[in-house]
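Please examine the sequence and the model shown here. The report then describes its secondary structure and packing.

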Amino acid sequence: MTAHLRFNIHLLAERLRCVAEWFLEENGEAPLGFFGASTGGAAALVAAARLGEKVKAVVSRGGRPDLAG
């Protein structure tokens, strides 16, 4: 309600990484890509970096890659 976590890129990235790991467990080595808009773009870049070669593509629409660090 307060949106105080809106710019917590590392929390968003960790959530995305966890969902991606679950997806890969359920679907084998299916191709995996991320899409992010605004701060989600930064979170997608961070999560993709943590997952390495498991992520085949990242799309950032109007994102904030500078927040990825």
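The sections below treat the basis of the model, a helix, a strand pair and a core.

## Basis

This is a predicted model, in which local features need pLDDT of at least 70, side-chain atom pairs count only at pLDDT 80 or more, and totals for chains, interfaces and linings use all residues. Residues are numbered from 1 along each chain as its sequence is written, and side-chain values use heavy atoms, with hydrogens and water left out.

## Helix H1

Helices are DSSP runs of H or I with at least four residues, strands are E runs of at least two, and both are numbered from the N terminus. The end C-alpha atoms of H1 are 26 Å apart, which agrees with the 27 Å that its 19 residues should span at 1.5 Å a residue; the expected span is 1.5 Å times one less than the number of residues.

Ile9, Ala13, Ala20 and Leu24 are the buried residues of H1 (buried: under 20% relative accessible area; exposed: over 50%; partly exposed: in between; 1.4 Å probe, protein chains only). These buried residues pack against E1 and H2. Glycine 28, with a positive phi near 65 degrees, follows H1.

## Strands E1 and E2

E1 (residues 32–37) and E2 (residues 55–61) run parallel and are joined by six bridges; pairing requires at least two DSSP bridges. Glycine 33 stands opposite alanine 57 of E2.

## Nonpolar core

The largest nonpolar core has 15 residues, of which Leu32, Phe34 and Val55 touch the most other members. Such a core is a set of buried Ala, Val, Leu, Ile, Met, Phe, Trp, Tyr and Cys residues joined through side-chain atoms within 4.5 Å. H2 gives the most to this core, with seven residues.

Methods:
Contact = heavy atoms within 4.5 Å.
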